[in-house]
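Work through the exercises below with the sequence and the 3D view side by side. Try each task on your own before you read its solution.

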Amino acid sequence: MLNFHVISLFPELFSAVRDSGVTGRAHQKGLWACHCVNPRGHVYDVHNTVDDRPFGGGPGMVMMYQPLKDSLLQIRSSIESSASVKVIYLSPQGNPLTQTKVAELAQWQHLVLLCGRYEGVDERFIEAHVDEEISVGDFVVSGGELPAMMLMDAVVRLLPGALGHQASAAEDSFSDGMLDCPHYTRPAMIDGMAVPAVLQSGNHAAIAQWRRQQKLARTASRRPDLLAKVELTKAEQDWLTEQGLVDIKTE
Ligand code: 9WO
């Protein structure tokens, strides 16, 4: 059982990942749990202040250290001391989230997800209490909640029993470090567009080869950075060269 502990000013947002789809079913099955802590519940001044003006001036507000520290203390006091706990801050300054990192996170017993709002979090809280800063992409949103939910979704679907028996995480995009191949369903012809004949041939070896080649071609043309990390056979390298998609490793 994987436990997410979310520190957020908007805990109600997390019903989306808790209640719907693959993650919702996995939650119902007891494969994971989500415990939200609102830093606003740890402020004791009359105005319920969780943010303050930045030292040095400028626009925006900064989330204060103390309500976050007390939220984290509440979480830590609920966790047995022998359990594995990792504290993550979602921010554009973090390490990129990859499928490899997602698989690693799925091994932890407790993941604390700190969701910032405003201009961010007092840096001293990150230094003292955050184990890893993670980014889900090079863009900015208004808070860490949506990035946190992306991370949760990506991790939960890897938990044993989360995906149906026919869908397997081993067949995902990225499980082999490459982009996915195209998919088709009925009808076999629509608006003048046919399904590739090989997919209707019943020849499973030919279908597997076609899919592998599609993955190779798409990864080479769209994400050469990913292809550079994939182990290719000599035949696959030659095929890419034939296609005019030069394998950057052989350059
Ligand atoms: C807000 C703001 C307001 C006035 C002036 C400057 C400002 N900067 C920001 C800002 O970057 N806010 C962030 C919002 C602070 C950290 C939480 N927020 C966030 C996380 N936005 N985007 C992410 C995020 C996290 C992980 N991967 C991609 C994006």
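**Exercise 1.** Which strand gives the most to the shell around the ligand, and with how many residues?

*Solution.* Before starting, note that this is a predicted model, in which local features need pLDDT of at least 70 and side-chain atom pairs count only at pLDDT 80 or more, while totals for chains, interfaces and linings use all residues. Residues are numbered from 1 along each chain as its sequence is written, and side-chain values use heavy atoms, with hydrogens and water left out.

Step one is to collect the shell: 21 residues surround the ligand, where a residue is near a molecule if one of its heavy atoms lies within 4 Å of it. The closest are Y89, Y118, V136, F139 and V141.

Step two is to assign shell residues to strands, which are DSSP runs of E with at least two residues, just as helices are runs of H or I with at least four, both numbered from the N terminus. Strands β5 (85–96) and β7 (132–135) each supply at least two shell residues, and β5 gives the most, with 4 residues.

**Exercise 2.** Find the polar backbone atoms that lie 2.8 Å from a nitrogen atom of the ligand.

*Solution.* Look for pairs of N or O atoms within 3.5 Å, the cut-off for a polar contact. A backbone atom of V136 lies 2.8 Å from a ligand nitrogen, and a backbone atom of V141 is likewise 2.8 Å from a nitrogen of the ligand. For Y118, the distance from a polar backbone atom to a ligand nitrogen is 2.9 Å. The protein covers 78% of the 610 Å² of accessible area that the ligand has on its own, an area computed by the Shrake-Rupley method with a 1.4 Å probe.

Now turn to the backbone of Y118, which has a positive phi of about 60 degrees although it is not a glycine. Y118 sits in the loop between β6 and α5 (123–129).

**Exercise 3.** Is strand β1 buried or exposed?

*Solution.* Apply the cut-offs first: buried means under 20% relative accessible area, exposed over 50%, and partly exposed in between, with a 1.4 Å probe and protein chains only. In β1 (residues 2–7), 6 of the 6 residues are buried, so the strand is largely enclosed by the rest of the structure. Checking each face separately, L2, F4 and V6 are buried on one side, and N3, H5 and I7 are buried on the other.

Next, examine the pairing, which requires that DSSP finds at least two bridges between two strands. β1 pairs in the parallel sense with β2 (residues 32–37) over 6 bridges, and it also pairs in the parallel sense with β6 (residues 110–114) over 5 bridges. I7 has V37 as its bridge partner in β2, whereas N3 has H110 as its partner in β6.

Note on methods
A polar contact is a pair of N or O atoms within 3.5 Å; within protein, one must be able to donate a hydrogen and the other to accept it, and residues adjacent in sequence count only if both atoms are side-chain atoms.
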